[in-house]
Structure formats: structure tokens, C-alpha cells
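Please look at the sequence and the structure shown here.

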Amino acid sequence: MLPVLPANLPPGVLSSDIEPPEVKTVCERCGGIVDVDDAIGWVGGDERFCDIRCLTEWAAEHLEEVVTWIKE
């Protein structure tokens, strides 16, 4: 069975051909899965978090790392 195409796409072109894939990341604090576009990060590292609560809890646990980054 062929996939159903929206009326505005030419034959042979699927919506997956033109839509970006969903990219997920893992919250550094709780391990939850979150869309990259919805994740919260901090400029001092590559860590990503699902919400501000996880970010602040992680920052409290890594206070020395955060303070060192601020001093630099």
C-alpha cells in the first residue's frame, strides 16, 4: 500500500522528505527524554535539561563547576 500524500506534495515526495526529523536529547539531571528545541541548556557546557527545575538542581549539585565557569 502506498502512503497517503498531502495534496500539495508532488508525486514521489513524502512529507518525511521535506520535514526535519524530530531530534531528542536526554535531560542531564533526571534522564527524561525531551525535544532538542524544548531543552534548556547553559552556556558553560553542553548539558541539556528538560526544565528549569532540573537545571537549578543540577547547578546546585555542580556548584564548583558553575562557579569556576563564572570566574573565567
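Are phenylalanine 49 and tryptophan 58 buried or exposed? Phenylalanine 49 is buried, and tryptophan 58 is buried as well; here buried means under 20% relative accessible area, exposed means over 50%, and partly exposed lies in between, with a 1.4 Å probe and protein chains only.

The model is a predicted one, in which local features need pLDDT of at least 70 and side-chain atom pairs count only at pLDDT 80 or more, while totals for chains, interfaces and linings use all residues. Residues are numbered from 1 along each chain as its sequence is written, and side-chain values use heavy atoms, with hydrogens and water left out.

The protein contains three helices and four strands, and from the N terminus on these elements run α-β-β-β-β-α-α. The radius of gyration is 19 Å, well over the 11 Å that the globule rule gives for 72 residues, so the protein is more spread out than a compact globule. Helices (H or I, at least four residues) and strands (E, at least two) are DSSP runs, numbered from the N terminus; the radius of gyration is taken over C-alpha atoms, and the globule rule is 2.2 Å times the number of residues to the power 0.38.

Along the principal axes, the C-alpha atoms fill a box of roughly 55 × 25 × 15 Å. Of the 72 residues, 17% count as buried. Among contacts (heavy atoms within 4.5 Å) between residues at least 6 apart in sequence, 16% join residues at least 24 apart.

The aromatic rings deserve attention next. Rings of Phe, Tyr and Trp (its six-membered ring) pair if their centres lie within 6.5 Å; planes under 30 degrees apart count as stacked, over 60 as edge-to-face and the rest as tilted. By this rule there are three aromatic pairs. In one of them, the rings of tryptophan 42 and tryptophan 58 have centres 5.6 Å apart and planes at 50°, so the pair is tilted. This pair links distant parts of the chain, 16 residues apart: tryptophan 42 lies in the loop between strand E3 (40–41) and strand E4 (48–49), and tryptophan 58 in helix H2 (residues 52–61).

Tryptophan 42 counts as buried at 14% relative accessibility, and tryptophan 58 does so at 4%. Tryptophan 58 also forms a tilted aromatic pair with phenylalanine 49, with 5.4 Å from centre to centre and 50° between the planes. Together, Trp42, Phe49, Trp58 and Trp69 form one aromatic cluster.
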